[in-house]
Amino acid sequence: MELLKNILVVLHLIGWAIVLGGTLTHLRTPKIAVGVLHGALTALVTGILIVGVAEMSDDLRDPDMAKIAVKLTVAIVVTALVVVGQRRPEKVTTGYLAGIAGLTAANVAVAVLWH
């Protein structure tokens, strides 16, 4: 069970890295990069699976549901922004992309700093 959780965490981090990297590379010419939606969906789905695996494990520590709720909310907002940006490219500006990048960085910070 621990191996599965670790694999999911690696995929989760790769998903967020795709979102952050793809967003930052297109700040000068504002558009949603190819693959950013896949990265966001990967991060969202693997995050949900990580919580499911953690709930099923025999670990004595229960997952912090407040932290999970914050991370899930941010992940849904980022995914929604990416979807809207792909469907309506005229809405994508440098500020729009900076918002996606900032929320992505905030989600990573919550994961690392919230104990």
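This is a predicted model: local features need pLDDT of at least 70, side-chain atom pairs count only at pLDDT 80 or more; totals for chains, interfaces and linings use all residues.
Colleague: Let's start with the helices. At what angle do H1 and helix H2 pack?

Modeller: Look at the angle between the two axes and how far apart they lie. H1 and helix H2 (residues 36-56) pack at about 155°, and their axes are 8 Å apart. Angles over 145 degrees count as roughly antiparallel, so H1 is roughly antiparallel to H2. As for handedness, H1 passes H2 in a left-handed crossing.

Colleague: And how far apart are the axes of helix H3 and helix H4?

Modeller: They're 10 Å apart, with helix H3 (residues 65-87) and helix H4 (residues 94-113) packing at an angle of about 160°. H3 and H4 are therefore roughly antiparallel to each other. The crossing of H3 past H4 is left-handed.

Colleague: Now the surface. Is leucine 3 buried or exposed?

Modeller: Here you check relative accessibility: over 50% counts as exposed. Leucine 3 sits in helix H1 (residues 2-25), and it counts as exposed because its relative accessibility is 62%.

Colleague: Which residues make the nonpolar surface patch?

Modeller: Leu3 is one of them, along with Ile7, Val10, Leu11, Ile14 and Ile18; the patch comes to about 520 Å².

Colleague: Where does alanine 98 lie?

Modeller: In helix H4. Its relative accessibility is 41%, so alanine 98 counts as partly exposed.

Terms used. Residues are numbered from 1 along each chain as its sequence is written. Side-chain values use heavy atoms; hydrogens and water are left out. Patches are made of residues with over 30% relative accessible area and no salt bridge: like charges are joined within 9 Å, nonpolar side chains (Val, Leu, Ile, Met, Phe, Trp, Tyr) within 5 Å. Accessible areas come from the Shrake-Rupley method with a 1.4 Å probe; for residues, only the protein chains shown count as cover. A salt bridge is a side-chain nitrogen of Lys or Arg within 4 Å of a carboxyl oxygen of Asp or Glu. Helices (H or I, at least four residues) and strands (E, at least two) are DSSP runs, numbered from the N terminus. Buried means under 20% relative accessible area, exposed over 50%, partly exposed in between (1.4 Å probe, protein chains only). Axes are lines fitted to C-alpha atoms, for helices over the stretch in contact, and angles run from 0 to 180 degrees between N-to-C directions. Angles under 35 degrees count as roughly parallel, over 145 as roughly antiparallel, 65 to 115 as roughly perpendicular and the rest as oblique. A crossing is left-handed if the near helix is turned anticlockwise from the far one by less than a right angle, and right-handed if clockwise.
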